[in-house]
Amino acid sequence: MTKRQPPHEVSALPITACSVVTACGVGTRALHEGLLGTEHRLRIPSLFDLDFDTMAGEVSEPLPDLADGLHQYSTRNTRLTLAAIDSPGDGLRDAVNQAVERYGAARTGVVLGTSTSGMYETEQAYRHRQRHGHLPSDYVFERQHAWIALADYVRCELGLKGPRYVISTACSSGSRAIAAAQRLICTGLCDAVLAGGVDSLCRLTLNGFNSLDLVAKDPCTPLDRNRDGISIGEGVGLMLIERPQPEWQHAVHLLGCGESSDAHHMTAPHPEGIGAIIAMQQSFEQAGLKPEMIDYVNLHATGTRQNDAVEMAAMAEVFGPEVQCGGTKGLTGHTLGAAGAVEAAICWMALTQSFLPGTCGLRHVDPAFSRQVITTPRLNTPVNMVMNNSFGFGGNNASMILGRQGD
Amino acid sequence: MTESARPPLLLAIDGFGVCLPDQDLATRTGIRDCEMDLSLLAPLVRRRTSQATRVAVSAATRACREAGQGTDMAAVFVSAIGEIQTTDKLCEVITAADFPLSPTLFHNSVHNTAAGYWSIASGSKAPMQAMAGLNDCFRLGLLEAWLQIETGADRVLLVCYDETMPSALQPEYNWQPCAIALVLGAAPGQRATLLAPVITNKPADSLCLEQLVKENQAMVALPLIRRLQEGVSGSCQVALDPCFPDTVAELQIS
């Protein structure tokens, strides 16, 4: 009997384009400006009424309409995605077109994370049914509610023919989509993958998190001694990841990913952060790096009492007290299924723009935490290696390391 | 097909399980050992979980027991649309503005609910993947499991599952609750090996399930499960998706 083939080596992969949509606006430039300041972009949601007080990271720009032939896919989720694909200055569509030209459409894949897909439209469809006795004629369940519709839409929009799939592991979805893209390239199945996450505001998630007493009334204040919950946001983070090429050797690379489970509770993190520790350690192992080589960690840092405390305990276990870290959900809100990808994009920006984001909303660091929490942004700082953490319901954890090779 | 054109070895199948609670359907499709098995779930969880999670956990439990390698392995959970009954209930509550929502219903509506409960029940801290494929579940799940094994995982539990679609939402979907689970490893396997799919001009055994499968993606792998249950050594061709009967994989049973 023949033995198993040795597994494919997981190598560093260049990130050749990146785009975002957040409450700061469309594109990485708008988010960069937000990250350089200290003012949050949260507001009272305008999309629907709520019977409790909260602030949300709602995208206020008008969103583009989908092309005529694709209108059946039209949801807030896909329109946010189209805004990211065409965001001025980010060149994502051009980069994807170049990848298709270089490798072929069948060698270019799409892996996206979402926890909402078209839930906002489904809620409206139920309301319509209550009033009129039937679902709206333009509501297409398979193309609006179904999670896979997001990847199908992007594949049609960009003319891709490679593998496509959607991952939905709650708040780690975006990060886990990036990890899956890495596997598609390292096994040789794809030469380029558009990966990331998209989530849009809807009544279900806002009311759902409120039912768990996890939503802050005022703008959230992650890592603060007075933090009292999350502010929910919406957004898109997309990155084009390619197989290594000499011309990309100086680009920011995806260096390693780690994925794990808490095996503990559906909504509460493991008290000692065991799953978070495993995910971080695995990303070091895969990247062939040591904790002291990391310049900055973009924490999951949602702003709930328990999540932040457990994550900081896990950080102390993995890094000791000496790593610079912070959270950015006070600026954009917690973009849930998009968060891992939006914050991977923030890490990419820290590396390409040589700065470390502050922790928006943070006034007094919880004294139980490391003193290395970054409060206000640090500009003109050399940044070579960064880590991004995302943790979700079901004890679903993901960590990744981005950086420059051989620096 | 000539020897040189043989497709590459794809995956070892070290264990399998199925949950098809509708006995009539089980009889019609020749599938056995397919009852619910919630022995790994805590009693409180057992009462609260959805049909989707219950069939998924049942098939997973049976596949792991059959493989005899414990439960500490990565898993890929793939369903058409996930916890659609719970989502439907929440949408009704939201429409009626009957707040607050039930916190349990809310966290049981996330797509990775089955994966999360499985991790808790099995004690596995390995990664739990949760994917949504609508009409393309089994093949996408198989792809992700293959990717994980090819990049270093020793074993991956693949669970493909669906629950009944709420009729008010999609009346034309006549889904029966069903889950299949496979414990997969690097090929070749000791017991059974699946070869990479190929396109043939000779449609394979599809269990006459075409119509059922069109209605319910989780049943796509039933022909494969039946062959494994029959356990006749040798090789046979199975359709990985009876909607595409020309695309078949060769299954070698030791």
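Which element supplies the largest share of the lining of the second largest pocket? That would be α7(B), with five residues.

A quick note on the model: this one is predicted, with local features needing pLDDT of at least 70, side-chain atom pairs counting only at pLDDT 80 or more, and totals for chains, interfaces and linings using all residues. Residues are numbered from 1 along each chain as its sequence is written, chains are lettered from A in the order in which they are written, and side-chain values use heavy atoms, leaving out hydrogens and water.

A pocket here is an open set of points on a 1 Å grid over the protein atoms alone, where a 1.4 Å probe fits, with protein on both sides within 12 Å along at least five of seven lines; lining residues have an atom within 4 Å of a point.

| Pocket | Volume | Lining |
|---|---|---|
| Largest | about 570 Å³ | 22 residues |

Around the centre of the largest pocket, the nearest lining residues are A:Gln282, B:Pro127, B:Thr151, B:Gly152 and B:Ala153. In chain A, α7 (173–186), β7 (253–261) and α9 (274–287) each give two or more residues to that lining, and α9(A) gives the most, four. Its residues split into eight nonpolar, seven polar and seven charged.

Chain B's β1 (9–19) and α7 (137–150) each supply at least two lining residues. The lining comprises ten nonpolar, two polar and four charged residues.

Conventions
Grid points are joined across faces, edges and corners, and a volume is the space filled by probe spheres set on the points. Ala, Val, Leu, Ile, Met, Phe, Trp, Tyr, Cys and Pro count as nonpolar, Asp, Glu, Lys and Arg as charged, and the others, Gly among them, as polar.
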